[in-house]
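Hello,

Here is the structure I said I would pass on. My notes on what was found in it follow below.

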Amino acid sequence: IHTANSTIAYGCIPGHNLTTADAIRAYVQSTLKSKHETWVTIPRELWPKHWFDKGYRRPMCRLNKALYGHPESGAHWEKHLESAFKSCGGVPIENHPSSYWFSDSKLLLTVYVDDLLLAGPAEAHDKFWNDLRNGQEPISLEDPEPLNRFLGREHVEV
């Protein structure tokens, strides 16, 4: 909360802006890179039609994406996201987990799982979101919008 509050304060400086975006199906955007393979049963309602003629009882497949519920998914998503931020010029902020500084644009980003909060010069926001969506390691995001709610708190500009 302290880091999010600091990001919000930075976004309140005259000429700055605050925008937020949610990652779409966050965990499955990252690859599961576990030491040991994970195999999952495919539920019958997800079988392709041609499987029903093969006599399958419990078909399995290797899990390649960091699926919600897997004990390592959160860490794999976090590493994937950090790599994407670094490829856009972000540097992790010491003692502020999940916060990044982008010195070229003077932007500050704070992340909570799949909620991204961006603060800094208003003219730099659109480029940042575009670069994150289309960069070396693209992140699928909902359309960014002005801050009005973050971490369950309503925010009103006065």
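A residue is called buried when its relative accessible area is under 20%, exposed when over 50%, and partly exposed in between (1.4 Å probe, protein chains only). The model is predicted, so local features need pLDDT of at least 70 and side-chain atom pairs count only at pLDDT 80 or more, while totals for chains, interfaces and linings use all residues. Residues are numbered from 1 along each chain as its sequence is written, and side-chain values use heavy atoms, with hydrogens and water left out.

His70 counts as buried because its relative accessibility is 16%. His70 sits in the loop between strand E3 (60-62) and H2; helices (H or I, at least four residues) and strands (E, at least two) are DSSP runs, numbered from the N terminus. Leu32, Ser34, Thr38 and Leu63 are touched by His70, leaving aside residues up to four places away in sequence; contact means heavy atoms within 4.5 Å. With Thr38, the side chain of His70 makes a side-chain polar contact at 3.0 Å. A polar contact is a pair of N or O atoms within 3.5 Å; within protein, one must be able to donate a hydrogen and the other to accept it, and residues adjacent in sequence count only if both atoms are side-chain atoms.

Gly74 belongs to helix H2 (residues 73-87) and is partly exposed, at 26% relative accessibility. Gly74 and Ser30 lie 44 residues apart in sequence and 9.5 Å apart in space, C-alpha to C-alpha.

Cys61 is partly exposed at 31% relative accessibility, and Cys88 is partly exposed at 26%. With a disulfide taken as a pair of cysteine sulfur atoms within 2.5 Å, the count is zero.

Regards
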